[in-house]
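Me: Could we go through this model together? I have some questions on how its parts pack.

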Amino acid sequence: MHVLVTYHSRTGNTRALAEHIAEGVRSMEGVDCILMPVSEVTIDDVLAADGLIAGSPSYYGTMAAELKRLFDRIISGHRAQTARKVGAAFATSGHPTGGLETTMVSILQAMLVAGLVVTGDPRSAGGHYGVGCAGKPDKHAASWALDHGRQVAELVAQHSNKQKQASR
Amino acid sequence: MHVLIVHHSRTGNTEKLAQAIAAGVKRVAGVDCVLKPVAEIELEDLFAADGIIAGSPSYYGTMASELKEMFDRIFNDRPKMLDKIGAAFATAGHPTGGCETTMVAILEAMLVCGMLVCSDPPQAGGHYGVGSVGVPGDREIKWANLLGERVASLVLKMSSS
């Protein structure tokens, strides 16, 4: 059972946030985490994962083309296989209202279309759509990212237990 | 010629941002400013304005029902809203607590009304308008001034063309 955390990062800020999220996923016993820049992700990587957490800097308030391309590739022919995986989003931007939220919403929309079961960040993180930060993640963003990763891992574990029970 | 600033505010944060936007509007000679809570808005106030700047706290990441009701009420009068300048502002309780999506929701409603919408100017640096997490600080007040000034300038430009 594992979660794929993938991101596009030019300055390293989104990668830093991804690393905190990956740490949160790994804090859940029984759930592994694969952390990869989106340029290295194959369709098989996505199909093999039980959960997908995708992050991007805000480019025009939406995800970078590099990440969009991954979703575009999934949608052509692989949609049935991505259905019911757990999905979540994260983002960075250069300004406090520089498109963080709308970037996460654009990622969650793509995931919904691909049939994933999506979640925002947990109550302890306090955001609406996932974890975001302006510039480099500070200690607050790092702690929210940890909780966000952990929540997705817990959902993946719950989800797979239910599927096992159902198939018995 | 005037700009109407309309807001819903429970804690006073959105109202404070509205006042800073009003100060920005007043910087532009020849453009007046009317500032009103949405509860006191008559439909005629909307039709009479040359520009409208609407703000709300983020409730579920979208505008408060009080402001939504105002837009719902003018739906059949959309032709009267055509080509007015529109802009948005918002407040939230968390850095990713829905400021942006609240502003986008307001801009969408304005677009449906046929208004010409704008964001905050490059010096303010945001994407969709001015947002503040909690009480607006010096930075947010400055951005709000700039947004008001921009809308007032656009109203002036539109009227002279």
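Me: How do the axes of H5(A) and H4(B) cross, and how close do they come?
Reply: In this predicted model, the axes of helix H5 (residues 100-113) of chain A and H4(B) come within 7 Å and cross at roughly 80°. Axes are lines fitted to C-alpha atoms, for helices over the stretch in contact, with angles from 0 to 180 degrees between N-to-C directions. Helices (H or I, at least four residues) and strands (E, at least two) are DSSP runs, numbered from the N terminus.

Me: What does that make them, roughly parallel or roughly perpendicular?
Reply: H5(A) and H4(B) are therefore roughly perpendicular to each other. Angles under 35 degrees count as roughly parallel, over 145 as roughly antiparallel, 65 to 115 as roughly perpendicular and the rest as oblique.

Me: Which residues meet there?
Reply: Leu100(A), Glu101(A), Thr102(A) and Val105(A) in H5(A) meet Glu100(B), Thr101(B) and Val104(B) in H4(B). Contact requires C-beta atoms, placed from the backbone, within 7 Å of each other.

Me: Before I go on, what are the conventions?
Reply: Residues are numbered from 1 along each chain as its sequence is written, while chains are lettered from A and ligands numbered from 1 in the order in which they are written. As the model is predicted, local features need pLDDT of at least 70 and side-chain atom pairs count only at pLDDT 80 or more, whereas totals for chains, interfaces and linings use all residues.

Me: How many residues are in contact between the two chains?
Reply: On chain B, 15 residues are in contact with 15 residues of chain A. H4(B) gives the most to the chain B side, with four residues.

Me: Now the largest nonpolar core: how many residues, and which have the most contacts inside it?
Reply: That core has 54 residues, and Val3(B), Ile21(B), Phe89(B), Leu147(B) and Val151(B) have the most contacts inside it. A nonpolar core is a set of buried Ala, Val, Leu, Ile, Met, Phe, Trp, Tyr and Cys residues joined through C-beta atoms within 7 Å. Buried denotes 20 or more other C-beta atoms within 10 Å of a residue's own, exposed 12 or fewer, and partly exposed in between.

Me: What does Val151(B) touch?
Reply: Leaving out residues up to four places away in sequence, Val151(B) touches Val3(B), Val25(B), Gly51(B), Ile53(B), Ile85(B), Ala87(B) and Cys118(B).

Me: And Thr11(B), buried or exposed?
Reply: Thr11(B) counts as exposed, with 12 C-beta neighbours inside 10 Å. Thr11(B) sits in the loop between E1 and H1 of chain B.
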